[in-house]
Amino acid sequence: VEGEARQVAPDLLQLTAAQIPDAGEELRQRYDLVVVDSPPSIHETIRAVAAASDLALIPSRPTVDDLDAVGPIARLLHGVADHAFVLTQVPAVRGSRDGAEALQRLAERAPVVGRTTFRSDYSRPPGHGSTGFEEGPAARQEVGELYARVVERLGITSSQDKGMRSGHDNGKIGR
């Protein structure tokens with residue numbers, strides 16, 4: 001539609017976590033922003049990927065188990081990479097305290113740069129190689145807002161910002 005900003009969907013690249021530190025320089029030259037999705041585990045490969053990153057994003061659902069589980073990854077990343085949280089799968093129910101309580105608890109450890117609501121737009125994409133950005137307007141708006149906060153945090157100017165790009169290997173660590 002004329003006059004509307006064109007939305008750019010991420011490029012998906014298939015790299016293993018072990019390949020990322022060596023591919024870092026090429027990715028930095030090729031893209032303004034690279035998001036690496038890695039497994040939710042604590043090991044040296046994650047530390048190496050984070051060390052090659054400008055920002056590590058740690059997703060967490062607003063559940064007691066998830067909020068307890070982010071402690072070890074936040075400790076692993078402390079002093080290795082700038083990191084922040086993304087609160088995910090927040091119930092859309094009005095008056096639910098889960099999101100507010102989780103936000104407060106996460107913010108005590110590191111900044112929270114975004115949140116997503118529990119919706120099917122995010123559960124379907126991994127099964128067919130997409131990201132959620134392509135699925136629907138509500139998901140696109142949430143991901144777009146998260147993207148804008150990450151770009152702002154990293155100091156990427158609008159002339160550098162050519163749209164979203166994404167690397168893929170399952171969790172959230174990125175440049």
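This is a predicted model: local features need pLDDT of at least 70, side-chain atom pairs count only at pLDDT 80 or more; totals for chains, interfaces and linings use all residues.
A residue counts as buried when its relative accessible area is under 20%, and as exposed when that value is over 50%.

Helix H2 spans residues 44-51, and its buried residues include Ile46, Val49 and Ala50. These three cover an arc of only 100 degrees around the axis, so they sit on the same side of H2.

Next, follow the chain to a pair of helices. Two packed helices are described by the angle between their axes and the distance between the axes. Helix H3 (residues 64-77) and helix H4 (residues 98-107) have axes that come within 11 Å and cross at roughly 15 degrees. Since angles under 35 degrees count as roughly parallel, H3 is therefore roughly parallel to H4. Their crossing is right-handed. On the H3 side, Leu67, Asp68 and Val70 make the contact, and H4 meets them with Ala102, Arg105 and Leu106.

Finally, turn to strand S4, which covers residues 83-90 and contains glutamine 89. What is the phi of glutamine 89? The angle is positive, about 55 degrees, although this residue is not a glycine. Glutamine 89 has a relative accessible area of 36%, which means that this residue is partly exposed.

How values were computed
Residues are numbered from 1 along each chain as its sequence is written. Side-chain values use heavy atoms; hydrogens and water are left out. Axes are lines fitted to C-alpha atoms, for helices over the stretch in contact, and angles run from 0 to 180 degrees between N-to-C directions. Helices (H or I, at least four residues) and strands (E, at least two) are DSSP runs, numbered from the N terminus. Angles under 35 degrees count as roughly parallel, over 145 as roughly antiparallel, 65 to 115 as roughly perpendicular and the rest as oblique. A crossing is left-handed if the near helix is turned anticlockwise from the far one by less than a right angle, and right-handed if clockwise. Contact means heavy atoms within 4.5 Å. Buried means under 20% relative accessible area, exposed over 50%, partly exposed in between (1.4 Å probe, protein chains only). The arc is that of the directions from the helix axis to the C-beta atoms.
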